Amino acid sequence: MAGNIFKGLGVALITPFTQEREVDYAALKRLIEYQIDNGADFLCILATTGETPCLTFDEKNRITELVKQTVNGRIPILKYCGGNNTVAVVDEIRNSDWSGIDGMLSICPYYNKPSQEGLYQHFKTISEASPLPVVLYNVPGRTGVNLKADTTVRLANDCSNIVGIKEASGSLEQMDEIIKNKPAQFDVISGDDALAFSMIASGAAGVISVIGNALPKEFSRMIRLEFKGEYEPARRIHHMFTELYSLLFVEGNPAGVKALLNDMGYIENVLRLPLVPTTIKTKQKMAEVLKEIRI
């Protein structure tokens, strides 16, 4: 199987809601067009940033169809499919329509805290069931378990359709160990906006970004400069975002980026419980930083 196609700026797509907390499909379509027109290299759909645990089965299907129709083959689509019950994940894979989707993002099993061997067997089983390339998703802050570097490399060597990992452990050391020992067809993708500059400078293939929902043009420029070896101008863009990185996540994700998109006029500032919007104070701070970035 060919290597990873999910490179550059990947946007972890939000789900806009109306004031009545219904999915705002018109806003979603406008947002996708905005991201493609401003430098997004691929979309990551129906994952954490999309508030997927709070979507119905029918909503997830309709969102998938809208994304496929709007993108229309212009950039790759990476769709989430994961969980902490291996048999249930495999069943979902086998009973889903994967036409028009280019890859599958699958998270480490959460809550039940498997061993490294359990993680290896989980992902190996998913790999065997998947008709598409698989990108692993390691985010210990949400799952309670860390997929260690040697387990990641073992999976990359043993499963030809596991082509990358969204690495959000927060550990540059762990990321570096994966890059040092991985096979050629496997890539590390940053799962953390604040670490994207450093990770790409060290050999990561790109980022699956939250901030890319709102500022794809600026963020993709930073990545493209790094790919060309122009680190100083890329670093200036990275430092321009420093304050925004922390503000975006201080009250949870995607509350921060939804507040930002609301200020930009793209969506209503609405989330589904148990998530709630950012405080007015945080929203105002982000609006001030946004003005400076976009001067």
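1. Helix H2 is the top contributor to the lining of the largest pocket, giving 5 residues. H2 spans 57-71, and strand E3 (77-80) and helix H5 (140-143) also each supply at least two lining residues. Helices here are DSSP runs of H or I with at least four residues, strands are E runs of at least two, and both are numbered from the N terminus.

2. Before going further: this is a predicted model, where local features need pLDDT of at least 70 and side-chain atom pairs count only at pLDDT 80 or more, while totals for chains, interfaces and linings use all residues. Residues are numbered from 1 along each chain as its sequence is written, and side-chain values use heavy atoms, with hydrogens and water left out.

3. The largest pocket holds about 800 Å³ of space. Its lining has 29 residues, with Leu46, Thr52, Pro53, Lys60 and Tyr80 nearest the centre. A pocket is an open set of points on a 1 Å grid over the protein atoms alone, where a 1.4 Å probe fits, with protein on both sides within 12 Å along at least five of seven lines; lining residues have an atom within 4 Å of a point.

4. The second largest pocket comes in at about 310 Å³. Tyr137, Arg142, Gly191, Phe249 and Asn253 lie nearest its centre, out of 17 lining residues.

5. For Cys44, the nearest cysteine sulfur is that of Cys81, 12 Å away. For Cys159, the nearest is that of Cys108, at 14 Å.

Terms used. Points joined across faces, edges and corners; volume = space filled by probe spheres on them. Disulfide = S-S within 2.5 Å.
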